[in-house]
Amino acid sequence: MSPAVRKRCVYIDLDGTLLGRGASLLHDGEGAVSIDGIRAVQACLRADVEVVLMSGRRRAQVFEDARLLGQRSFIFEAGACVVLDGEEHWLTGDLLPGELSIAEQIERSGAPALLLERYAGRLEYHDPWHVEREVSHLFRGLVEAREVDELLAERGHANLRLVDNGAVSRRSEALAELPHVRGYHLVPSGASKATAVAFHSRARGYEREETFAVGDSREDLACAAEVGDFWLVANALAHDATMVEALAAHPNARVTASGHGHGVYEAVVGTLMGAEAR
């Protein structure tokens, strides 16, 4: 872990991390009642540590979650936008909201149709959460994001990329044969949670070592490059054994013993107590 520096901010993913089964804050990954996620947030607030939720969810959803925690900043749609004290900061490059939303611009490019056709039986829209999105096109299935990015570049869509945002539980009959299902966001190539974390941290004047993050996906893990300490909750390894190899590229990253809210609490206490002990 990083040297002894007082922590001032934590970036926490929602689905698969702070939230348990059924996207519940009050249940763990198995569906048992648990308040560890709440205890984790409480510990941060008592230590005067800003809590920034980062999620692939839509703005309205993340806004309400942040409001319930008493926080004024959040990151939505996989890092496409940082809302800082109510002010929007778009991190989507040349694709900006205007007469058409960014999601509508991506739709008109033909990229979503291309992916659905090429990966039929392996990729579908993440119904019903794919609607009313401002930026990303939300899919579920099982594909290799790097392979998809290569296809996008070959077909003239180099300004877009596919984000692997971790395991999901919902699927249709069309995906019944897949061993497991993951969620994916088609976003502007410059948008990422790591970029959003870096932007927020600079805007607040935080030093890297004053921040830490907790998540469950490769997209979350990329944030390790922008924070002092990064924690991957244990359930992140359940459906992706290659995450162990990915972790090796980040010396400041470690895995919690428990998953979901239990893991977040472990990460928060371990980081705050570790910093105090040094």
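I shall start with helix 1, which spans residues 36–46 and holds both Asp-36 and Arg-39. These two residues are three apart, about one turn of the helix; helices here are DSSP runs of H or I of at least four residues, strands are runs of E of at least two, and both are numbered from the N terminus. An α-helix has 3.6 residues a turn, so residues three or four places apart point the same way.

A word on the basis of what I present: this is a predicted model, in which local features need pLDDT of at least 70 and side-chain atom pairs count only at pLDDT 80 or more, while totals for chains, interfaces and linings use all residues. Residues are numbered from 1 along each chain as its sequence is written, and side-chain values use heavy atoms, with hydrogens and water left out.

Asp-36 and Arg-39 form a salt bridge, their closest N and O atoms being 2.9 Å apart. The term requires a side-chain nitrogen of Lys or Arg within 4 Å of a carboxyl oxygen of Asp or Glu. By this rule the count comes to 16 salt bridges. Asp-36 is buried, at 13% relative accessible area, whereas Arg-39 is partly exposed, at 33%. Buried means under 20% relative accessible area, exposed over 50%, and partly exposed in between, with a 1.4 Å probe and protein chains only.

Next, a salt bridge joins the side chains of Arg-59 and Glu-134, at 2.7 Å from N to O. Arg-59 belongs to helix 2 (residues 59–68) and Glu-134 to the loop between strand 6 and strand 7, so this pair ties together parts 75 residues apart in sequence. Glu-134 is partly exposed, at 25% relative accessibility.

Asp-220 is in helix 7 (residues 218–221) and Lys-193 in helix 6 (residues 193–204), so the pair links distant parts of the chain, 27 residues apart. Asp-220 is buried, at 0% relative accessibility, and Lys-193 is buried, also with 0%.

Finally, which residues of helix 4 are buried? In this helix, residues 111–118, they are Ala-111, Pro-112, Leu-114 and Leu-115. They lie on the same side of helix 4, because they cover an arc of only 160° around the axis, taken from the directions from the helix axis to the C-beta atoms. Among the elements that cover them are helix 3 (102–109) and strand 9 (181–188), where contact means heavy atoms within 4.5 Å.
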